[in-house]
Amino acid sequence: MNDSEIAEFECFQDGSWGSSRLPDVHVDRRDFLKLLGGGLIVCLTPHSAGAQESGRGFGRHELPKDVAAWLHIAADGKVKVFTGKVEVGQNIRTSLAQQVAEELRVPFDSITMLMGDTEFVPWDMGTFGSRTTPTMGPQLRTMAAAAREALMAMAADRWHVDAAKLTAADSRVIDPAAGHSLTYGELTRGQNLVKVVSGKVPLTPATGWKIAGTPMPKVGIRDFVTGKHKFPSDIVRPGMLFGAVLRPEGFNATLDSIDTSAAEKMPGVKVVRDGDFIGAVAPDVYTAQQAVAAIQAKWTVPEQPSNANLFKVLKTATEPGGGRREGHLTGSVEQAMATADLKLEERYTVQYIAHTPLEPRAAVAEWNGSNLTVWTGTQRPFGVRDELMEAFNLPESRVRVIQPDMGSGYGGKHTGEAAIEAARLAKAAGKPIKLIWTRREEFTWAYFRPAGLMEIRAGVHRDGRLVAWEHHNYNSGPSALETPYEVPNQIIQYHPVKSPLRQGSYRALAATANNFARESHMDGLAHAAGMDPLEFRLKNLTNPRMRAVLQAAAGRFGWSNARSTPTRGYGIACGTDKGGYVATCAEVEIDPAARKIHIRRVVEAWESGAVVNPNGIRNQIAGAIVQSIGGALFEAILFSNGRILNPHFAQYRLPRFADAPQIDVVLLDRKDLPSAGAGEIGIIGLAPAVGNAIFAATGTRLCNMPMSPSAAVPGEPASPLKC
Amino acid sequence: MSEFVLNVNGAPLHVNAPPQESLLFVLRNHLNLTGTKFGCGEGQCGACTVLINGRATRSCLIPASAVSNAKIVTIEGLDQNGKLTAVQQAFIDEEAMQCGYCTSGMILAATALLSKTPHPTDEQIVAAMNGNICRCGTYPRILAAIHRAAEARRGERAQLTGGAR
Ligand code: FES
Ligand code: FES
């Protein structure tokens, strides 16, 4: 062991491991295992056939390549869990630790989750799509249960008894017959054991949970109220300078000429040019930004679509080779429509919107010879590592991406632009560089939630049964496109389109659009049929989970007594996506003179299987309701000819305190069902519930989101309402 | 570059920065007080809120050199010897956050509000806090936290006056 390794060993011993941060220096994974200082490591791999013990010491082996997660139990009984998932505010640092503590039978606070560091955590595709709870949760539980069994086997060996006679609780293996016990620390002390397990270990059913299933507070919350927590944009490195990047005048622009001489003359400034990439570094942010502003660049920006012709473009610009994607077809919509007693055809739209995480994209890049370390806010640290490897032609072993728990993402931080830019600047400057995107850059050079066009036609029998349903989605995506209602004749189709703006993931992106269209349409049909919107839905629904959330929301809301008037509307909607079920009731106040609306009260019933952390899930659902008010009522990206026209908070209205309604969340905890993710679908019920409430009060059906934009959206009919 | 002294959290701190550099970037990048956050740099989100002579102020829009005579308090200066203020504690008790990026600004805005209006109504809270964005949408919890902090401070004051009698 050389000196630096010893130093790091001491650094681990002095308690820096108590935090969730990993050492900042480059450490070979083999040394890293050695540095853990003995104990028991349990690795979960998806492939090996059953538990096997490697039995080799840490000094000479490496972990298996194909590992989903691993955990380490130290001689002091402390448990470190390594997962590739990242914490972005959705609180999985807490909910995953609860699940490990539960299966391992240890106190919650003995667990430390090590996340989002490509050097030390197992590879993971990324944290999105509500996959953490349904996928990583069971994996960690399996691994923890296997670790518990391994500890019981170790105790059984020592005591020469049958492991089946032992129990485990509170970090101990207990022999109830002999009346003695050993702590996990006593069992792992002096050991160098690695156990590799695969999928089949019996798990504790949710009905028996003691730590999982409880409203555990956010791990490390104190650091957020004292300002101590280091977000990606807070990272500081010795000798660090600050960067700024020159942006083209519009999308797809070409550079005609450039003059950097004025910027180069500024004291402390270094101008960096690398192909089309142009930026500057300086000892402070102000000077770096001044330097970029002093660069004279001329661009040609080609003609491009705008809001005014957006939906025409989406309808015609089907992807080359793509076109209509295989749809869902049953029965004959044509025939059923011909004989339906009641028909309704409508077109619904959603605009591009921006994620606007409060922490913009940020990165600190540091080169050490040809080793690159980047601290950045991303939902895909391994994806960003791949982007860096490609940009700088580096092998995996030379790039490390660290993701400190960040100022959220909502699907907007999958890519590594800021990381690559900071690394380019750092390479040229020979110093660590911090780059934080400005709000304008975040609004312009990130990607958007897709705009979408939904066309629906439907037919109903006079007794209120749906007989035909045709639903096309252009561009926004296929999630939650299939109808949850019973309809014998269906055409359901997603049409991928070459999007005029750069678009990508967003919290429940397509489910929001498809659910808005479907649930608005269902409401229109109910009114046309002279039926109560709840009754009409229940008549066409057999899925017991969907029925349960609808009835729960309606009951808590007082739906049966809610009579809309011209100044107060009540609306209901439901939906399902990613294994969760949601129903939303909204009460909307309308001032007909001022044409203003205000959402006063929202009740949302929610069912996503067994609840892992009721506190976290309530926080997620209430937050999703508030966030969805923006897309429902006022958020829209305005664009024209490759330029974003409203790239500032002053021009792009977000939900604020005054917009937040009274929110009541009804949690249906189905302990008999596997847990689904809760990060996204809380968002899908609000827009249609509000639109339906507006219709109930005014008789006007608003088919375009946002329904009451603060500034007119070109190409859209003017909304009769504002907010 | 200009040299000046800032009074931050009760300590005089020497700064050498361009005179136009914002207080936000001077706190974060020159004084290593990164608890104050950058959200927009345009006065629109409140992430950068600090107290200047007791008033909640956007640090992103003021040049640091302009406030060298003022008393500045940042999130790092609230707790005393590890004891959190009532507002900080209430944000923990209500778990009034998700990602926590807006939290520093929210806590300072709420602190200023309660020092002027010890028992605010919902409407007063909304009016005072409407400039602070929580993109995660935790407004209802923040509202509850501010009421809770007001209650706790009422309790503390009652104890103090009770002890004096
Ligand atoms: S960063 Fe100052 S108001 Fe947004
Ligand atoms: S908690 Fe994320 S912005 Fe408020």
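Modeller: Happy to. Helix 3 of chain A covers residues 92-104; helices here are DSSP runs of H or I with at least four residues, strands are E runs of at least two, and both are numbered from the N terminus. The expected span is 1.5 Å times one less than the number of residues. This is a predicted model, in which local features need pLDDT of at least 70 and side-chain atom pairs count only at pLDDT 80 or more, while totals for chains, interfaces and linings use all residues. Residues are numbered from 1 along each chain as its sequence is written, chains are lettered from A and ligands numbered from 1 in the order in which they are written, and side-chain values use heavy atoms, leaving out hydrogens and water.

Helix 3 of chain A is largely enclosed by the rest of the structure, because 13 of its 13 residues are buried. Buried means under 20% relative accessible area, exposed means over 50%, and partly exposed lies in between, with a 1.4 Å probe and protein chains only. After the helix comes Arg105(A), with a positive phi near 65°.

Now for its neighbour. The axes of helix 3 and helix 4 of chain A come within 7 Å and cross at roughly 30°; axes are lines fitted to C-alpha atoms, for helices over the stretch in contact, and angles run from 0 to 180 degrees between N-to-C directions. That makes helix 3 of chain A roughly parallel to helix 4 of chain A (under 35 degrees is roughly parallel, over 145 roughly antiparallel, 65 to 115 roughly perpendicular and the rest oblique). The crossing of these two helices of chain A is right-handed, where right-handed means the near helix is turned clockwise from the far one by less than a right angle, and left-handed means anticlockwise.

On to the rings. A search of the whole structure finds 15 aromatic pairs over all chains. Rings of Phe, Tyr and Trp (its six-membered ring) pair if their centres lie within 6.5 Å; planes under 30 degrees apart are stacked, over 60 edge-to-face and the rest tilted. One of the pairs is Trp123(A) with Phe382(A), whose centres are 6.5 Å apart and whose planes are at 55°, so the pair is tilted. Trp123(A) sits in the loop between strand 5 (111-115) and helix 4 (132-159) of chain A, and Phe382(A) in helix 11 (residues 381-392) of chain A, so the pair ties together parts 259 residues apart in sequence. Trp123(A) is exposed at 53% relative accessibility, whereas Phe382(A) is buried at 3%.

In chain B, Phe25(B) and Phe38(B) form a stacked pair, 5.8 Å centre to centre with 25° between the planes. Phe25(B) belongs to helix 1 (residues 23-30) of chain B and Phe38(B) to the loop between helix 1 and strand 3 (49-52), so the pair ties together parts 13 residues apart in sequence. Phe25(B) is buried at 13% relative accessibility, and Phe38(B) is buried at 6%. Phe224(A), Phe231(A) and Tyr101(B) form one aromatic cluster.

Finally, charges over rings. Arg247(A) lies over the face of Trp437(A), 4.8 Å from the ring centre, and the charged end of Arg601(A) sits over the ring of Phe557(A), 4.2 Å from its centre. The criterion is NZ of Lys or CZ of Arg within 6 Å of the ring centre and within 35 degrees of the ring normal.
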